[in-house]
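Trainee: I am new to this structure and would like to learn how to read it. Could you take me through it step by step?

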Amino acid sequence: MSLKEVLIDELRDMYSAENQLVTALPKLAKGANDATLAKLFEDHLEETRGQVLRLKSIFQTLDEKPTGEHCGGMEGVIEEGSDALEKGTEDASFDAGLIGAALRTEHYEIAGYQACIAMAKTVNMTDIVELLTQNLNEELAAAEKITAASRTILKQAASEPEQDTEPKTGKEKYSEKKSKEDETKAAAGIRKHG
Ligand SMILES: [Fe+2]
Ligand SMILES: [Fe+2]
């Protein structure tokens, strides 16, 4: 397998990831209680649409089709975000959960674009490096804006009282069971290490 083929697979992953975000970001924008945060998600949705188009033009340059890879990583990250959204409360603590989810999506994209850019540079595909860098810079800026907006939201969330815990849903119980399995599987390796 050539590096160019790996790069094309990675780009298809990014294309799928961005398309998934076009569907996910409106839910975050609608869910956010804080107006600044909601506006940020809306603005980044607009940018994300542009990023999909940039990736499309990259595939045109390469004479390759953009589809072919579903990004399971982004699907998982978005799923974590839906868990945060499901809580559906009207407080700053809820927004704090959305911020955690949104930062995960941005950093997942940042890692993806950085990998693609490094590969494209290595195989001298300078024409696509420019477009990929534009997408990367938007992701970096989005992560920074979310972090900036989080400061007041987290402060506000810190003053909110603790809520009575609701009974666990089936999904939460499953998640709890899996987390214990993660711990058990790792335990032997950790003991050996120590
Ligand atoms: Fe993006
Ligand atoms: Fe993004």
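Mentor: Let us begin with the order of the elements, which from the N terminus on run α-α-α-α-α-α. Please keep in mind throughout that this is a predicted model. The protein has six helices and zero strands, and its C-alpha trace spans about 55 × 50 × 30 Å along the principal axes.

Trainee: What percentage of the 194 residues counts as buried?

Mentor: Of the 194 residues, 29% count as buried. As for contacts between residues at least 6 apart in sequence, 77% of them join residues at least 24 apart.

Trainee: At what angle do the axes of helix H2 and helix H5 cross?

Mentor: The axes of H2 (residues 35–62) and H5 (residues 126–158) come within 10 Å and cross at roughly 170°. Because angles over 145 degrees count as roughly antiparallel, H2 is roughly antiparallel to H5. Residues of H2 including Leu37, Leu40, His44 and Ile58 meet residues of H5, among them Ile128, Leu131, Ala142 and Ile153. The residues of this contact divide into nine nonpolar, seven polar and five charged.

Trainee: Which residues of H3 are buried, and where do they lie around the axis?

Mentor: The general idea is that an α-helix has 3.6 residues a turn, so residues three or four places apart point the same way. In H3, the buried residues are Met74, Val77, Ile78, Gly81 and Ala84. These residues cover an arc of only 100° around the axis, which puts them on the same side of H3. They pack against helix H1 (3–31) and helix H4 (92–122), while the face turned away from the buried side carries the exposed residues Gly72, Gly76, Glu79 and Glu86.

Trainee: Which residues other than glycine have a positive phi, and where are they placed?

Mentor: In general, most residues other than glycine have a negative phi. Here Asp63, in the loop between H2 and H3, has a positive phi near 55°, and Asn124, in the loop between H4 and H5, has a positive phi near 60°.

Trainee: Are Asp63 and Asn124 buried or exposed?

Mentor: Asp63 is exposed, with 6 other C-beta atoms within 10 Å, and Asn124 also counts as exposed, with 8 C-beta neighbours inside 10 Å.

Technical notes:
Residues numbered from 1 in each chain as written. Chains lettered and ligands numbered in written order. Predicted model: local features only at pLDDT ≥ 70, side-chain atom pairs only at ≥ 80, totals over all residues. Axes fitted to C-alpha atoms, helices over the stretch in contact; angles between N-to-C directions. Helix = DSSP H or I, 4+ residues; strand = E, 2+ residues; numbered from the N terminus. Parallel < 35°, antiparallel > 145°, perpendicular 65-115°, else oblique. Contact = placed C-beta atoms within 7 Å. Nonpolar A, V, L, I, M, F, W, Y, C, P; charged D, E, K, R; others polar. Buried ≥ 20, exposed ≤ 12 C-beta atoms within 10 Å, placed from the backbone. Arc of directions from axis to C-beta.
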